[in-house]
Amino acid sequence: MLNICLVGDIIVDVTLKNKSEDLKMRLGGIVHSARALWAISSSYSIGYISPNYLDTRIFDFFIYLDNPPLVKVAETLNAPNLILIEEAREVGSQGYELILREEIKHRFFDFKFPICASILITSGQFEIPSILEKVDDTPVSLELANMNIKSLTDLNYKFKNIYISTSSEIFQTYIKNNEFDFKCFALQFKEFCDILIFKENRGGTRLYSFLENKTYQVSSQTKPIQHSVGVGDVFNAIFESDIFNDIQKNLVFASYTAMEYASTTYPQNFKQSVEQLLNTPIKDLVNLKGTILNWEHRSSIHIYIAAPDFDFVDTNLIDTLENSLVYHNFTPRRPVKENGQMKESDSPQQKQQFYYNDIKILNECSIVIGVLLYNDPGTLVEIGIASERQMPVLLYDPYNIAKNCMLTHSCNIVTTNMDEILSEVFIISSKL
Amino acid sequence: MGSTGSGNFTDYQGYSGNNPKQGGESKENECGKAFRTELEDVDTSEYYNSNGQLPDINTVIIIGFNGSRIVCIVDGQEIGNLPTRYNYLRKCMNEFNYSGIVSNTTLSPINSITINVSPDA
């Protein structure tokens with residue numbers, strides 16, 4: 001297991017209060033990665049960037065995370081290093097709001113890295129060259145987060161591992177301009193790293209090793225989650241620690257640890273779960289398959305949204321569901337939006353045409369999501385048709401109104417939680 | 001209008017506040033939870049293939065791991081796989097055994113089995 005130095009921002013993550021959950025305030029940024037290394041009882045150190053007001057809290061806090069060596073790399077000026085998080089779970093874009101982002105400046109210190117076997121930088125608003133110039137011959141890895149390809153190129157540096165996810169700016173820009181092919185995508189990074197790790201949310205992770213010219217892949221472990229804040233950082237830290245000295249096993253263990261991190265916000269419970277994983281033979285975890293759904297395979301999965309999608313109804317939740325599915329590269333279909341809205345005064349022929357057109361869309365879909373804003377007859381009939389055809393039907397019931405057994409038992413799941421709907425879409429799609 | 005405050009950092013072991021939703025540890029333990037689930041791959045299971053029928057309701061089941069899936073077992077034969085969201089049970093099996101009953105079966109429109117499971121005390 002490598003002794004890693006985690007370098008980057010320490011941030012205050014504030015997950016805003018909503019209807020069902022209290023406000024939660026935690027130290028975030030590289031602290032997420034630190035919790036992962038603490039959970040596997042690895043030696044590690046911290047090179048952190050923060051405003052001075054957090055220093056005492058950071059020192060006090062790390063006593064509970066095995067008291068690693070702490071070095072302050074830079075001071076954050078003009079901003080509190082505070083992120084407001086609208087949505088704890090990554091249903092769609094999570095609405096991260098870094099307060100005073102445009103104002104942020106940094107004052108770098110004349111620091112020395114603690115002795116370590118590898119440095120993992122999680123990029124932020126700070127100047128990465130000011131850190132790289134202090135590195136001796138220790139290998140450095142980089143989480144790209146929101147960097148663009150130009151700033152990576154400008155670094156002119158060969159990293160050990162580069163971590164990137166489907167929500168990163170580089171990936172989002174790439175898919176706007178290119179048909180996605182993993183190997184072509186990976187090849188852009190050939191000059192910049194030995195290994196590229198591409199995290200595909202609930203669809204698993206792919207890795208390209210330029211040393212072996214080989215692709216590795218691992219499934220994601222998906223279960224209902226509490227949050228997805230910092231889950232990618234946990235994945236990175238575990239992989240970076242090289243805990244099993246084997247790429248495939250490291251990926252698998254990182255995937256399980258990330259799942260455990262998403263399942264709780266209580267650090268002690270997280271550590272206990274990780275210790276249980278460590279007590280499980282790694283070959284069992286490797287063989288226990290979860291969900292693999294490559295980004296490029298998702299757009300062919302058409303999903304029928306059965307809902308009262310009418311101009312006299314508040315369709316915000318339908319919009320959110322559609323946006324979330326698009327965010328994960330699925331193809332949601334909204335029949336009323338595509339075929340138009342029937343008027344009561346329409347002729348029987350016109351109404352029949354609406355019916356046929358909607359059924360035609362249903363025929364093109366492989367999953368139905370019902371959105372039960374109220375007991376809309378159209379929604380209920382569409383669920384019935386899909387169920388009788390043995391199509392997977394997921395019922396999003398935000399107001400908890402589905403009581404009738406003919407309805408609830410026509411559906412694979414009934415839930416008030418959109419995140420569960422998304423997880424099921426990934427799981428079902430991976431089996432289609 | 002005045003402001004409200006959001007207290008302090010609480011998510012570490014040793015936090016001495018009295019809000020159960022804060023602190024380093026929750027007493028909730030997912031390994032200790034009972035659950036109910038439908039099984040997958042019932043038609044291709046060892047049990048259905050050798051018996052040509054589904055087990056009766058109230059048949060006693062145990063949960064096992066067959067090397068690649070978490071499975072439900074009756075009399076030494078697998079009757080179906082648990083959905084992958086229960087993969088976490090593998091790590092729990094280091095400490096817990098799980099058993100229960102077949103709580104429901106259907107033959108139409110497809111063969112299905114629902115089980116109730118709880119950790120053995």
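This is a predicted model: local features need pLDDT of at least 70, side-chain atom pairs count only at pLDDT 80 or more; totals for chains, interfaces and linings use all residues.

Student: Which residue is the bridge partner of A:Ala306 in β16(A)?

Tutor: A:Gly370.

Student: What strand order does the open sheet have?

Tutor: The order is β15-β14-β16-β17-β18 in chain A, 5 strands with parallel pairing. The edge strands are β15 (331–333) and β18 (413–415) of chain A, each pairing on one side only. From one strand to the next, the twist averages 20 degrees.

Student: Which strands does helix α17 of chain A lie across?

Tutor: Helix α17 (residues 418–431) of chain A lies across β14, β16, β17 (393–396) and β18 of chain A. Its angle to β17(A) is about 170 degrees.

Student: New topic. At what angle do α8 and α9 of chain A cross?

Tutor: Roughly 150 degrees, and the axes of α8 (residues 247–263) and α9 (residues 267–278) of chain A come within 9 Å. Angles over 145 degrees count as roughly antiparallel, so α8(A) is roughly antiparallel to α9(A). The crossing is right-handed.

Student: Which residues of α8(A) and α9(A) meet?

Tutor: Among them, A:Phe253 and A:Tyr256 in α8(A), and A:Phe270 and A:Leu277 in α9(A). The contact residues divide into 7 nonpolar, 2 polar and 1 charged.

Student: Last one. Where does A:Glu169 lie?

Tutor: In helix α5 (residues 169–177) of chain A. A:Glu169 counts as partly exposed because its relative accessibility is 35%. A:Glu169 touches residues including A:Ala145 and A:Met147. Its C-alpha atom is separated by 6.1 Å from that of A:Asn148, 21 residues apart along the chain.

How values were computed: Residues are numbered from 1 along each chain as its sequence is written. Chains are lettered from A and ligands numbered from 1 in the order in which they are written. Side-chain values use heavy atoms; hydrogens and water are left out. Axes are lines fitted to C-alpha atoms, for helices over the stretch in contact, and angles run from 0 to 180 degrees between N-to-C directions. Helices (H or I, at least four residues) and strands (E, at least two) are DSSP runs, numbered from the N terminus. Angles under 35 degrees count as roughly parallel, over 145 as roughly antiparallel, 65 to 115 as roughly perpendicular and the rest as oblique. A crossing is left-handed if the near helix is turned anticlockwise from the far one by less than a right angle, and right-handed if clockwise. Contact means heavy atoms within 4.5 Å. Ala, Val, Leu, Ile, Met, Phe, Trp, Tyr, Cys and Pro count as nonpolar, Asp, Glu, Lys and Arg as charged, and the others, Gly among them, as polar. Buried means under 20% relative accessible area, exposed over 50%, partly exposed in between (1.4 Å probe, protein chains only). Two strands pair if DSSP finds at least two bridges between them. Lists of a residue's contacts leave out its neighbours within four places in sequence.
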